[in-house]
Amino acid sequence: MPIKNHQYNSILREYDARRLKSHRDAMARREALYAEIPPLKELDDAIAHGSVESAKLSLSGDPRALSSLREKNEALSAKKKALIAAHGYPENYLEPRYLCPDCSDTGFIGREKCHCFKQAIVDMLYSQSNVRQAIDRENFDSFSYRYYPDDYIDESVRMTPLENIRHVVAGAKQFIADFDTAPGNLLIYGNTGVGKTFLTNCIARELILTGHTVIYLTAFELFDILERRKFSHPTDAQDDEYSEIANQFAHIRDCDLLIIDDLGTELNNTFISSQLYQCINERLLGMKATVISTNLSFEQLKNNYSERIFSRITGSYTFLKIVGEDIRIRKKLS
């Protein structure tokens, strides 16, 4: 389901701003390098002049002259790259630096929306700016094992917390590595503060960086959307609201990865259970991956939700349990 025109145009304006900034930054680097390396400007002027002459020769239809000029321009370009490298700069130093190199921040590859544009739509629909900030901080590069003890065995996993978290992280990375060839689902569970949300942010970041659409919702946010969809109707008075909710649900159903954080914190009832089953089941049927994090134990999960939900999760999800102490408390004490 398409987004509204004003939302679409807002995203396009953001892309225009990105490209403008990239070109301005490249121009500033160019001017600074001209001042540092005067011969560089002479080479650029000669290349520009050669490009104009090439265009003229193309129109005149003289293939030999055109070939000779192209060789000359290629030699000038090679000399320019060598000059830049000789002064300690990378060859592409003067080129614009786009946030998405796949589409050069146009949002499109040919006539198709780039993966970054699809994620921009998701970010707008779900106001995921906070998630974007979180995954910049919480990722595998910043993941630390120092808060997981190695001096006792946790009987529930028969490993030390440190050994266990290494096993869990390896499982998460394998989930990412297999995402395109053998997509699966994860249930990440454990006590409060052991790093479940941090790990889901790590997974989200890696998949966004590899061009996948990711929706991150707390259980409360997910069920709020599902409830509003269930009880909204496309009357004249609420067309816009119904359209937005229907759009949100379509993306929840079809995005590459849905992350449901803190399952079990919502007010559970028969309606919630039925909506959760529908969401999980439709994504399984569509072979779309889901990651669920929860403070609930295996037994609590079984007791709190319907037999159908428990069966679908146990049959189709890989369970990763994180053990240890509340990291937030450990940080304050350290």
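This is a predicted model, in which local features need pLDDT of at least 70 and side-chain atom pairs count only at pLDDT 80 or more, while totals for chains, interfaces and linings use all residues. Residues are numbered from 1 along each chain as its sequence is written, and side-chain values use heavy atoms, with hydrogens and water left out.

**Exercise 1. The chain as a whole**

Task: State the secondary structure of the chain, its share of buried residues and its accessible surface.

Solution. 
Step 1. The chain contains 13 helices and 7 strands; helices (H or I, at least four residues) and strands (E, at least two) are DSSP runs, numbered from the N terminus.
Step 2. Of the 334 residues in the chain, 41% are buried. Buried means under 20% relative accessible area, exposed over 50%, and partly exposed in between (1.4 Å probe, protein chains only).
Step 3. The accessible surface of the chain is about 18700 Å², and 51% of this belongs to carbon and sulfur atoms. Accessible areas come from the Shrake-Rupley method with a 1.4 Å probe; for residues, only the protein chains shown count as cover.
Step 4. Contact means heavy atoms within 4.5 Å. Among contacts between residues at least 6 apart in sequence, 75% join residues at least 24 apart.

**Exercise 2. The largest pocket**

Task: Describe the volume and the lining of the largest pocket.

Solution. 
Step 1. Rolling a probe the size of a water molecule over the atoms shows where empty space is left. On a 1 Å grid over the protein atoms alone, a pocket is an open set of points where a 1.4 Å probe fits, with protein on both sides within 12 Å along at least five of seven lines; lining residues have an atom within 4 Å of a point.
Step 2. The largest pocket holds about 640 Å³ of space. Grid points are joined across faces, edges and corners, and the volume is the space filled by probe spheres set on the points.
Step 3. The lining of this pocket consists of 22 residues, and Arg-18, Leu-99, Cys-116, Asp-123 and Arg-132 lie nearest its centre.
Step 4. At least two lining residues come from each of helix H1 (5-36), helix H4 (115-126), helix H5 (129-137) and helix H7 (196-209). H4 gives the most, with 6 residues.
Step 5. By class, this lining has 10 nonpolar, 5 polar and 7 charged residues. Here Ala, Val, Leu, Ile, Met, Phe, Trp, Tyr, Cys and Pro count as nonpolar, Asp, Glu, Lys and Arg as charged, and the others, Gly among them, as polar.

**Exercise 3. The second largest pocket**

Solution. 
Step 1. H5, H7, strand E5 (257-263) and helix H13 (327-333) each supply at least two of the lining residues.
Step 2. The lining divides into 9 nonpolar, 9 polar and 7 charged residues.

**Exercise 4. Salt bridges**

Task: Locate salt bridges of Arg-18, Lys-21 and Asp-141, and name a network.

Solution. 
Step 1. A salt bridge is a side-chain nitrogen of Lys or Arg within 4 Å of a carboxyl oxygen of Asp or Glu, and the structure holds 10 of them.
Step 2. Arg-18 pairs with Glu-14, their closest N and O atoms being 3.7 Å apart. Both residues lie in helix H1, 4 residues apart, about one turn of the helix. Arg-18 is partly exposed because its relative accessibility is 22%, and Glu-14 is partly exposed at 43%.
Step 3. Lys-21 and Asp-25 form a salt bridge of 2.8 Å, N to O, and these two are also residues of helix H1, 4 apart. Lys-21 is exposed at 53%, whereas Asp-25 is partly exposed at 32%.
Step 4. The side chains of Asp-141 and Arg-205 meet in a salt bridge at 3.9 Å, N to O. Asp-141 lies in the loop between H5 and helix H6 (161-177) and Arg-205 in helix H7, so the pair ties together parts 64 residues apart in sequence.
Step 5. Arg-30, Asp-44 and Lys-80 are linked in a network of salt bridges.

**Exercise 5. A residue in helix H6**

Task: Is Ile-165 buried or exposed, and which residues does Ile-165 touch?

Solution. 
Step 1. Ile-165 is placed in helix H6 and is buried, because its relative accessible area is 1%.
Step 2. Not counting residues up to four places away in sequence, Ile-165 touches Phe-143, Tyr-145, Tyr-148 and Ile-322.
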